[in-house]
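Trainee: Before we go through this protein, could you show me the model, so that I can ask what stands behind each term?

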Amino acid sequence: MNWYKRTILPRLLNSAMGRAEFAKIRPQVIGQAFGVVLEIGVGAGHNLPLYRNVSKVFALEPSEELLVIAKRQDQSIPVEFLNTGAEQIPLADSSVDTVVSTWTLCSVGNPQAVLKEIKRVLRPGGKFLFVDHGVSPNFLVRIIQNIVTPITKNFTGNCHLNRDIEELVKNAGFDVQKIEHPHERFKPLVYNYQGIAS
């Protein structure tokens with residue numbers, strides 16, 4: 001399994017996260033970033049070419065293999081790569097204006113710890129921009145999500161289809177100012193949460 005996670009999984013994630021469905025949503029999220037930005041779970045760096053009108057991006061990613069791919073992306077702004085997880089962000093308190101998370105909270109090991117760290121590094125008046133897979137409001141879909149997630153997470157970079165992303169963000173003390181649910185065609189088990197919190 002370690003061989004799969006170190007060699008095959010990064011390539012699969014790079015391919016999957018570059019799909020057209022994601023490409024439509026990414027600019028909507030990234031376009032709202034401003035100032036000094038922290039992106040957690042930068043992965044293969046699909047967001048990096050989209051940043052405009054920001055002064056710097058801290059690109060945080062625990063996978064060395066994915067960071068190698070991310071560093072090849074076009075970057076029109078300064079980017080500092082941090083090879084670590086989001087449970088302990090190596091930045092000072094109140095040091096960033098925007099935190100970006102695109103399909104990351106669904107896959108981190110400890111989402112509560114990650115959100116606590118995001119809150120710590122975000123400046124007063126800053127924004128937390130996120131889009132993530134999560135639990136569906138449809139009862140039958142939710143049952144299926146709960147059944148398949150323990151299996152599918154082993155092959156999808158730990159993606160949990162059954163996390164209540166909005167509740168996680170609210171319980172961490174954020175004010176959710178906007179929440180939408182962009183749909184991914186032909187994927188009845190995938191329910192997206194796209195939001196802005198402060």
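Trainee: What makes Val99 a residue in contact with Leu38 and Phe128?

Mentor: Contact means heavy atoms within 4.5 Å, and, leaving aside neighbours within four places in sequence, Val99 meets that cut-off with Leu38, Ile40, Ile118, Val121, Leu122, Lys127, Phe128 and Leu129. This is a predicted model, in which local features need pLDDT of at least 70 and side-chain atom pairs count only at pLDDT 80 or more, while totals for chains, interfaces and linings use all residues. Residues are numbered from 1 along each chain as its sequence is written, and side-chain values use heavy atoms, with hydrogens and water left out.

Trainee: Which residues touch the most other members of the largest nonpolar core?

Mentor: A nonpolar core is a set of buried (under 20% relative accessible area, 1.4 Å probe, protein chains only) Ala, Val, Leu, Ile, Met, Phe, Trp, Tyr and Cys residues joined through side-chain atoms within 4.5 Å. Of the 28 residues in the largest one, those touching the most other members are Leu38, Val96, Val99, Ile118, Phe128 and Val169. Its largest share, 4 residues, comes from α4, a helix (a DSSP run of H or I, at least four residues, numbered from the N terminus). A second, separate core of 20 residues includes Phe22, Ala59, Leu67 and Val131.

Trainee: Why is Leu140 called exposed?

Mentor: Exposed means over 50% relative accessible area, and Leu140 has 58%, so the residue is called exposed. Leu140 is found in helix α5, residues 139–152.

Conventions: Helices (H or I, at least four residues) and strands (E, at least two) are DSSP runs, numbered from the N terminus.
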